[in-house]
Structure formats: structure tokens, C-alpha cells
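Please look over the notes below with the structure open beside you.

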Amino acid sequence: MNDLLQVDDLACHFSVRRDHGFPARRVPLKAVDGVSFSLAAGRTLALVGESGCGKSTTAKAVLGLTHKTGGDVLFKGAPLPKAGTREWRRQRQDMQLVFQDPLAALDRRLPIGRQIEEPLHIHGVDDKAQRRETVTRIMTAIGLKPHQAASFPHELSGGQRQRAVLARALVLEPSLLVLDEPISALDVSIQAQVINLLVELQERLGVAYLFISHDLKVVRQISHEVAVMYLGRIVEHGDPETIFTAPAHPYTRALVSAIPTVRTTKRERIILSGDPPNPIDTPPGCPFHTRCAQAFERCRIERPELASTGDGRTVACHLAHAPDVRAVA
Ligand SMILES: Nc1ncnc2c1ncn2[C@@H]1O[C@H](COP(=O)(O)OP(=O)(O)OP(=O)(O)O)[C@@H](O)[C@H]1O
């Protein structure tokens, strides 16, 4: 198995208090419920879907930052060490996380050079000159001027700050970078620059990205594979070209139809009614049936498995696997 990251049947269920009803009781909230995927070195997998579908929880579980209640996460073929242990911290050098808001991720009181240098210090690079040289090299690679090492976060633009965050994440030369909405806090003009930079860095450094975004236009530019999530599950997974030109799941079709510039077989915008159901009360059958215009009896009873459609992707939809099923159901 050559995969850098292997996620099998991952589940993250939280115990939450139900708001209504008496007496108050705790119920399971299935934030992630049976997610499987793999990611090879130097590749990008995008996780997409509406807010609350479980993207960030999946990412945190991959890094051991949230407790998983089921399934396995293998990194370089081995299970994640227990969070907080020395082994886990050592492994975290090789799997870094970049969040949405660069200002929140940086310490306002420290010059960015010091912040980029810090992981080297923590992970035992004792030679100061070597640390400084590495910082200069990574800053140059990321498009920052070495003299900007002395700048404080508020003295930089939004794009420069996100570059500084990326530099800090890359300074230990990780194999995996988890990027959680890395550009959504940036101006549109800067977003393209950061995306180009990410693509360039991947080619140069061979780092793999788990890229979380709700912006499908950006996802199409950057990813080698896309997994569409709905209510804690993957409903469609494949290469971006197939998914964006001929989405097979009705939910993916609705998401893709909302991208103005994407050509789909059906060009008209599909407006989904209502919000996704509460993950505390997932509907029986297909979790999407309550919002699906094509749902029929079987969808209300039987949950479709994520299965191959024979064109290199997997889809969890009864209709995608047997379009004439409605006639015989
Ligand atoms: N620690 C927690 N305790 C209880 N519920 C949680 C916890 N973390 C996440 N959730 C719930 O799990 C579900 C999935 O959340 P998650 O943040 O993973 O979604 P998301 O797709 O990343 O959304 P967004 O794009 O808004 O960040 C949501 O219903 C959220 O409220």
C-alpha cells in the first residue's frame, strides 16, 4: 500500500444535550459516520460540502485533534499514536494544519520570522544559524522577502500573513498539510495567488494536501480527487473533471450547478430546499432524501452504500446505480 494516509470507516460521534424535551438527555451527534478515503504522497484530496457536514471534524480526526469513536486512521501505514504523547507530537511534525484565519493563527506580539522558526526550535534544531538559514529559505520559497522576518503580523497584508502561516507549517517539511478553508478569509484577488502558490509548492516539495473548502471553483483548480460530504458521510468521490462535468449524486449536482462557470449536463441552477437535517436526527434511508427532488420509496427506507459506478468514482445513490430502479421499486 503506497498511500500516505488511509482513513477507514471513520466515525466521530459526540454526546450532546438535546435542547428540547423533558427530562433533558444526552444523545449522539454523528458528525462523521463511516468515512473512508486514502491520499497518496504529493496529491490533493478535497473534502467539500455545506457547513456542518463534517469536513473539519474529519480533518481533526486525521490529525488526532479530535477523538474518533470508530474506524482507523493510518499515516504511512501505522495507526496514529495517542494524542498528546511524545510519539504523537513527533508525528505531528509530518502532518501540519493550516486554518482559515491567518491573523488568529499568528501571535500578534512576535515577528513572523520568530514564529516560522519556532517549530524548528521545538523539534530540536539547536543550531541558531541553521534555523535562521532554514527560515530564510522557506520564506523565499513562499514568496516573502527575508527582511519581512522582522515584521509583525499586523504589518503584513492578508495574503502575506497566510504565506507566513504556510511557511510555518512547511518549515519542518511535512508530508501532509491539512488546509481547512485556507483562503476563504482572503480577498478574491489574493486567493488566486495563494492557490497558485499551493500548487507550486506541492510540485516542488511533494507535500500532500487534504483540502477543505466549500468553494468548488477553487477545489476544481487544486485537487486531484474530490469527496463530497453530506451529513457526516461521503456521497460521491472521484476525480474533479468527472465530478464537475457529470456529477452523479443529486446533492453534488446541486452544488455544482451553483458554480456559475461550470458546464454541467444540466446547466440550470438546482436550488436545494431547506437546510441539511440535524445530525442528531438523521433521517432513515438515504440521508439526502428529505431534500432530493428525485427521491422515491426505496430512498426513504434503505440507505444507499457508497459503491463504484464503473467510471472511477463511487456514489451513494440508488438512482446512480440503477437509473431504472424507480420503475421496479
Ligand atoms: N466538539 C463537538 N461537540 C459537539 N458537536 C460538534 C463538535 N464538533 C463539531 N460538532 C458538530 O458536528 C457537525 C459537523 O461539524 P464540522 O465542523 O465538522 O462541519 P464542517 O463541514 O467542517 O462545517 P464548517 O464548514 O461550518 O466548518 C456539526 O453539526 C457540528 O455542530
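1. The shell around the ligand divides into 6 nonpolar residues, 6 polar and 1 charged, where Ala, Val, Leu, Ile, Met, Phe, Trp, Tyr, Cys and Pro count as nonpolar, Asp, Glu, Lys and Arg as charged, and the others, Gly among them, as polar. Those 13 residues, of which Phe 14, Ala 31, Ser 51, Ser 56 and Thr 57 are the closest, are near it in the sense that the C-beta atom, placed from the backbone, lies within 6 Å.

2. This is a predicted model, in which local features need pLDDT of at least 70 and side-chain atom pairs count only at pLDDT 80 or more, while totals for chains, interfaces and linings use all residues. Residues are numbered from 1 along each chain as its sequence is written.

3. Helix H1 (55-63) gives the most to the shell, with 3 residues; helices (H or I, at least four residues) and strands (E, at least two) are DSSP runs, numbered from the N terminus.

4. An open sheet of 8 strands runs in the order S6-S7-S8-S3-S9-S10-S12-S11, with mixed pairing, two strands being paired if DSSP finds at least two bridges between them. Strands S6 (95-98) and S11 (307-308) stand at the edges with a single partner strand each, so one side of each is left without a neighbour in the sheet.

5. Helix H10 (residues 250-257) is largely enclosed by the rest of the structure, because 6 of its 8 residues are buried, meaning that 20 or more other C-beta atoms lie within 10 Å of a residue's own, with 12 or fewer making it exposed, anything in between partly exposed, and C-beta atoms placed from the backbone.
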